[in-house]
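Good morning, and thank you for coming.

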Amino acid sequence: MTTVELIDVGTPTTTLWLPLFASLVPCGFPSPATDELEELFDLNRLLFRHPEATYLVRVSGESMQGAEIHSGDLLAVDKHLEADHNHIVVAVVEGECTVKRLVRRGTAWWLQAENPAYPDYPITEPENLRIWGVVTHVVHELIPGRLTALIRSRD
């Protein structure tokens with residue numbers, strides 16, 4: 001089962017304006033880049049749509065690799081959103097916290113892993129399931145160790 005570590009972030013009180021450029025950057029062959037600044041953008045508005053109901057978690061485990069959620073990734077989770085079919089959620093099943101895709105198959109609901117090596121979990125007793133929120137964003141670290149170092153420095 002993929003597990004999560006809750007991280008208390010409080011309410012974002014500072015706006016962090018970053019430049020957002022108008023041109024798209026292709027992932028294929030390079031093209032001349034433009035320096036045309038479209039606007040300034042606050043990442044808090046994107047990651048924390050409902051700041052009073054949003055928290056961050058770090059993931060461990062490999063059950064969500066197919067959704068590009070990897071061990072060590074940081075997830076933004078919104079408790080304000082109502083979980084629905086195909087949403088990735090943080091759920092507590094029989095006392096254990098997990099990250100899975102919530103899917104509906106006919107009239108039945110399942111917590112679906114995104115790795116064929118892990119089984120899906122049928123929700124046969126809804127009273128034993130608690131949805132802690134809908135995952136809205138994944139922060140996937142491309143320079144390993146930096147995120148861990150930043151989190152440890154807060155302790």
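**Loops and cores**

Asn-86 has a relative accessibility of 41%, and therefore counts as partly exposed. Please keep in mind that this is a predicted model. Asn-86 sits in the loop that connects strand 5 and strand 6. Its backbone deserves a remark: the phi of Asn-86 is near 80°, a positive value in a residue that is not glycine.

Glu-94 belongs to the loop between strand 6 and strand 7. Is Glu-94 buried or exposed? Its relative accessibility is 59%, and because the threshold for exposed is over 50%, Glu-94 counts as exposed.

Let us turn to another loop, the one between strand 4 and strand 5, where Ser-63 is located. With a relative accessibility of 1%, Ser-63 falls under the 20% limit and so counts as buried. Which side chain does Ser-63 meet in a polar contact? The partner is Lys-100, and the contact between the two side chains spans 2.9 Å.

I now come to the interior. In soluble globular proteins, nonpolar side chains tend to be buried together. Here, the largest nonpolar core has 13 residues, and the members that touch the most others are Leu-75, Val-77 and Val-90. Which strands each supply at least two residues of this core? They are strand 4 (54–60), strand 5 (74–78), strand 6 (88–93) and strand 7 (96–105). There is also a second, separate core of eight residues, among them Ala-91, Leu-102, Leu-111 and Val-134.

Val-77, from the largest core, has contacts beyond its neighbours within four places in sequence; these include Tyr-55, Val-57, Val-90, Trp-132 and Val-134.

That brings me to Val-134 itself, which is placed in strand 10 (residues 129–139). Its relative accessible area is 4%, which means that Val-134 is buried. Setting aside neighbours within four places in sequence, Val-134 is in contact with Ala-76, Val-77, Asp-78, Leu-81, Glu-82, Ala-83, His-87, Ile-88 and Val-89. How many residues separate Val-134 from Lys-79 in sequence? The separation is 55 residues, while the C-alpha atoms of the two are 6.4 Å apart in space.

To close, I would return to the contact between Val-77, a member of the largest core, and Val-134, a member of the second, separate core.

Note on methods. Residues are numbered from 1 along each chain as its sequence is written. This is a predicted model: local features need pLDDT of at least 70, side-chain atom pairs count only at pLDDT 80 or more; totals for chains, interfaces and linings use all residues. Side-chain values use heavy atoms; hydrogens and water are left out. A nonpolar core is a set of buried Ala, Val, Leu, Ile, Met, Phe, Trp, Tyr and Cys residues joined through side-chain atoms within 4.5 Å. Buried means under 20% relative accessible area, exposed over 50%, partly exposed in between (1.4 Å probe, protein chains only). Helices (H or I, at least four residues) and strands (E, at least two) are DSSP runs, numbered from the N terminus. Contact means heavy atoms within 4.5 Å. A polar contact is a pair of N or O atoms within 3.5 Å; within protein, one must be able to donate a hydrogen and the other to accept it, and residues adjacent in sequence count only if both atoms are side-chain atoms.
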